[in-house]
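Welcome, and please take a moment to look over the sequence and the structure below. We will then walk through them together, one part at a time.

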Amino acid sequence: MATLKVGLVSPEREVWSGEAKMVVAQTIEGQLGIMPGHAPVLGVLLDGSVVKIEPADGGEWVTAMVGSGFFSIAGDEVSVLAEQAELGTEVDVADARRSLDEALSSAGADDGTAERRARARLRAAGSEA
Amino acid sequence: MPAQIRQLRQQIRSVKSTAKITRAQEMIATSRIVKAQAAVAASKPYADQIVSALTALVSHNVGIDHPLLNEQPEDARTAVLIITSDRGFAGGYNANVIREAESLIAKLRAEGKRPVPYVVGNKGVTWYRFRDREMGAQWTGFSDRPTFPDAEAVGRRLAADFLKTDAEGGVGEIHVVYTEFVSMLTQATQVRRLIPLEIEETTVADGAAAPPAYEFEPTAGDVLDLLLPNYIESRIFHMMLQSAASEHAARRRAMKSATDNANELIGVYTRQMNQARQAAITQEISEIVGGADALADSGGE
């Protein structure tokens, strides 16, 4: 079976790269599941959402929080470029909860991006908020 | 004579302690170059991807319109982003950047524009403040280890100023002066125009794959809205990382030559001191011998 070549990159480093069966990303308009053979798309990611990757070697799903960014699909190559990107396994849950609390207490100050990002970090780490 | 020896000892001690400091600075800089180069390499995948995405987008939407792509000939104010270091002890690093920036500013002024410096790094800020020159904005505190949020702050400010008109304190063009890390021994000061972006017309060579016909989610315009600021921030980040690596390399070289000079000086002083000590001993001996001879001559019998 064909696989996708996936690269999840932030400006400071390459967060994850490898072969995958499927990638799930969230755009402003809704969730998008990407499998091999997908048409070329250049899309905007929802700021503060979770990207899920199913590795081709049958391992566990890789989850990552992404901030402002976009993704491109072309010829079974998927690149996710996000200004903030963090793997679920790297998220410091206590720190994420603290930033969620801060975002909630200062609600209304911005457009809720901080809150969405904090929630996405918690979701990526596997602990619901 | 003993006074001279004491003085030389004192000088040797002080040069030795200076050499220790410069040697330590040199080693610190050497280890940081490696880290700075790793940071440049780590930022490369993102920079490459964003360039290819932008190329794909623009090549399928010829004549696409976006404020950041438009020339603004009506705005005479021109931003010059100058990337310097926070700390000195880096040889000619800052002097080179500022000299290049000043010649660019003079050139822009000759073209009838009004250049405004936007300065990164304490050394550049001090230089302009001392001369009482107007600065558009200034950022300090991260020149030797820039992070993306730093570049983001600079990029946002520049893009926002670009979209304003002259009367609101905006600018019509943005140039950057930074230092490219060529190798450990060579760093080159570079001048680039950042905004408006220039779209190059190229033809795809036979056999090379043209960018695929993308669909855009939600629309090409929305994607461009996001892509362009990110592209600018990524360019600035790249330039800051290059400058940081160059800063460390320049500092390493300056500190190495300072250490070498100090060691040479210690050699010279040590020889002078030995000579003085030898002369003192010789004199003492001849005094004793002379004294004994005189005693033998006068006393006697």
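**Where the two chains meet**

Let us begin with a pairing of strands: strand 4 (residues 41-44) of chain A and strand 6 of chain B run parallel and are joined by three bridges. Strands here are DSSP runs of E with at least two residues, helices are runs of H or I with at least four residues, and both are numbered from the N terminus. Two strands pair if DSSP finds at least two bridges between them. Within this pairing, V41(A) stands opposite E215(B) of strand 6 of chain B.

A word on the background: this is a predicted model, in which local features need pLDDT of at least 70 and side-chain atom pairs count only at pLDDT 80 or more, while totals for chains, interfaces and linings use all residues. Residues are numbered from 1 along each chain as its sequence is written, and chains are lettered from A and ligands numbered from 1 in the order in which they are written.

Now for the whole contact between the chains, where two residues are in contact if their C-beta atoms, placed from the backbone, lie within 7 Å. Chain A gives 23 residues to this contact and chain B gives 26 residues. On the side of chain B, two or more residues come from each of helix 2 (44-60), helix 5 (148-163), strand 6 (215-217) and helix 6 (220-298). That side of chain B has 17 nonpolar, five polar and four charged residues. In this scheme Ala, Val, Leu, Ile, Met, Phe, Trp, Tyr, Cys and Pro count as nonpolar, Asp, Glu, Lys and Arg as charged, and the others, Gly among them, as polar.

Next, turn to chain A by itself. It is divided into domain 1 (4-87) and domain 2 (91-125), with bounds from an automatic or database domain assignment.

Most residues other than glycine have a negative phi. D76(A), in the loop between strand 7 (69-74) and strand 8 (77-82) of chain A, has a positive phi near 60°. D132(B) also has a positive phi near 60°, and its place is the loop between helix 4 (122-130) and strand 3 (137-139) of chain B.
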